[in-house]
Amino acid sequence: MLETTQCPNCKKTDVADIRDCVRQFGRDQGNLIPILHAVQKKYGYLTADATEEIADWLGIHASEVYGTATFYTLFSTKPLGKYVVRLCDSPPCHIEGSLSIQKAIEEDLGVGNGETTEDGLFTLEVVSCFGLCGVAPAIMVNDEVHGNLTPEMIPAILSKYRKEGN
Amino acid sequence: MEQVTLTIDGKEVSVPKGSTVLDASKAAGIGIPTLCHLENVHAIGACRICLVDVGARSLQTACTYPASEGMKVVTNNPRVRSARKTVVELMLSAHRQECTCCPRSLNCELQKVAKILGIQEHRFDGEMPEQILDTSSPSITRDSSKCILCRRCVTVCQQVQGVGALFPVDRGFETAIVPALKNDLIDVACVMCGQCVSVCPVGALYEKDSTDDVWKAIADPTKHVVVQTAPAVRAALGEEFGMPAGTRVTGQMVTALRQMGFDKVFDTDFTADLTILEEGNELLHRVKNGGTLPMITSCSPGWIKYIEHFYPTLLPHLSTCKSPQQMFGALAKTYYAEKAGIKPEDIFVVSIMPCTAKKYECQRTEMSAHPGIPDVDVVLTTRELGKMIREMGMDFANLPKGECDSPLGLSTGAAVIFGATGGVMEAALRTVYEVVTGETLDNVNFTAIRGLEGVKEATVKVGDLDVKVAIASGLSNAKKLMEKIKNGEADYHFIEIMCCPGGCLGGGGQPIPTTNEIRKARMGAIYEEDEHLTIRKSHENPAVLALYAEFLGEPLGHKSHELLHTHYTPRAKYPETDKEEVTTGGE
């Protein structure tokens, strides 16, 4: 699973560092997804420099690297919070009340879908099914699962991360 | 070749193994509507309009489904008709329908398909994707609100041109075709060739329209408005008026321009001849003096922008000659201005080009003989000229044939063939051969270097020297030659490169569509035009000779360098400030 390790305010990435991260893989175009995973894991998102570095290394166009990354919801092209709260809104979660969960999260964090809190701690993303229909409605905070949720449970869950993160 | 036999709508047809159902139905004379399909280039089943019933559980796309032995295909039953109709109706629900004022009105593939399928109402009325309107480029405008996501532009930019400026981003309803990092077109390594425009089935990609600027200049009594037309325009303009591809309309075009109110109707062919004299001499100079070889032609602005972005270290290989359109501009505001006794700032130069990249070229800061005054004021595509002629209400096909004005309107057959891939090379060889050997060519037709093949090579004996030449059209073909040069494997003397497949006749500013059949027809017209001209060698153009005698002195002389030659700028592959370094070719 992916980790987010970078503060959204710190947008600078070292080119030599990115190069090392990308070049640990072979130049086969099939390595695009594994490289995107590695970059995302290290920097929290796909930086512009990384997009170009990957394109040059694999001999493809930057537009293709960027387009591929944006196709998958688990890759990000902008800085994310330390904790990414992913809320499933596929039919089973939706029927079980994901909208009320979303409302509770938005009220607690003060940000909407796709946004990051000012302190850089949380990003909220409404996503498609991640296979936790058995415990719907569910969220994932980075790689931890929280299921069978009610809106009342949300403040406690988030404050645990808030304490951990500060 | 192994054949397979199948039945389509009860009709038996045999096609080579590997054919698709779409190929087979064409062979059987059965029409299947398509939208994303682009013959020999793009078959990805994206638009779902060519759905047919192959007896499987679900309908299949004819453009991707392989024809197989004994297969029974139905292309027209209620299920197929209803599915196709729904597909197009859904497409229309996310398409900004403003057909009456769309640049592609009456030449829109979506409009045609909707008509063919009998769609007469808006069945689905819903949310529209967010509009991205990108007017940053001087050549090409992008409007995502018309885009149907067929991805033809992506394929042509990536595979045919090897530029990769466009790619789909995001997914589902949010999908859009955009440059990397969602940048504006002007900020990425787009070469502005307009091949994307040429294949766009709708009005999502189109040239920046400059027709109003030209009407305004014509109406301005203080402006002396002169026009030049590129050789490829006269081989295609007729298509704008329903004439078959390959109809030569030079005479009608000249008359139309005159009736529109241009003060002088000149010809880019004149400066094409001049290019041959300058470039031919530059080549001989480089061969004699150990200059950078192979020397590469520099007429095609899309090609120039490509090499600046993708192979900046090879810039010294480029001929320093400006393109014929820019040589014309420089001379119009110096030589012609003097001769006609008109101030350069009162002369307004319009170019009619088969090209969208020329719109960018004329704005390059170095293209100006007088500081602050561009040599060429406005570039129009062949399509824009068609539009203006329609606005005039002329019966184009039946216009009397006119002749260009002198002196900048006199030209030769060698200049006309600039419009076809291999033409600049052939024109140069006609001149170089005679200049070097002092003999007259028995046969001016160098047929070995004609044709639509992507890369062509030949060795031509010129006196004691075996001149090795190569020709490429389409930038992915140019790339092959650039890699050869980079790896030290290119022992050519001279390379001609044209950005667009087939050369300018297939340019991004030409009438839509441009298919291989149409390219061949336009090419036929160009060589026919050459055959019909009495003078077929650039160095025999009397007006060019007079220009040297009266004004320029000699090829590669001081004035030539000042007005007819240029320099190039290495550019980054990715957005950042372009480096200010300047590279000159030659010695």
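**A sheet and a helix of chain B**

Strand β17 (residues 465-473) of chain B and strand β18 (residues 494-498) of chain B run parallel and are joined by five bridges; helices (H or I, at least four residues) and strands (E, at least two) are DSSP runs, numbered from the N terminus, and two strands pair if DSSP finds at least two bridges between them. This is a predicted model, in which local features need pLDDT of at least 70 and side-chain atom pairs count only at pLDDT 80 or more, while totals for chains, interfaces and linings use all residues. Residues are numbered from 1 along each chain as its sequence is written, and chains are lettered from A and ligands numbered from 1 in the order in which they are written.

Within β18(B), B:I497 is the bridge partner of B:A472. Helix α15 (residues 475-486) of chain B packs on the sheet, where it touches β16, β17 and β18 of chain B, and its direction makes about 140 degrees with that of β17(B); contact requires C-beta atoms, placed from the backbone, within 7 Å, and axes are lines fitted to C-alpha atoms, for helices over the stretch in contact, with angles from 0 to 180 degrees between N-to-C directions. The open sheet consists of four strands in the order β13-β18-β17-β16 (chain B), with mixed pairing. Because β13 (295-296) and β16 (455-462) of chain B each have a single partner strand, they stand at the edges, and one side of each is left without a neighbour in the sheet.

Helix α2 of chain B has buried residues B:R84, B:V87, B:V88, B:M91 and B:L92, where buried stands for 20 or more other C-beta atoms within 10 Å of a residue's own, exposed for 12 or fewer, and partly exposed for values in between, with C-beta atoms placed from the backbone. Seen down the axis of α2(B), these buried residues fall within an arc of 135 degrees, so they line one face of the helix; the arc is that of the directions from the helix axis to the C-beta atoms. They pack against β3 (51-52) and α3 (109-116) of chain B, whereas the face turned away from the buried side of α2(B) carries the exposed residues B:P78, B:R79 and B:S82.

Two loops hold cis peptide bonds. One joins B:L293 and B:P294, with omega about -10 degrees, and B:P294 is placed in the loop between α8 (268-289) and β13 of chain B. The other runs from B:I512 to B:P513, with omega near 5 degrees, and B:P513 is placed in the loop between β18 and α16 (516-532) of chain B.

Notes:
Two residues are in contact if their C-beta atoms, placed from the backbone, lie within 7 Å.
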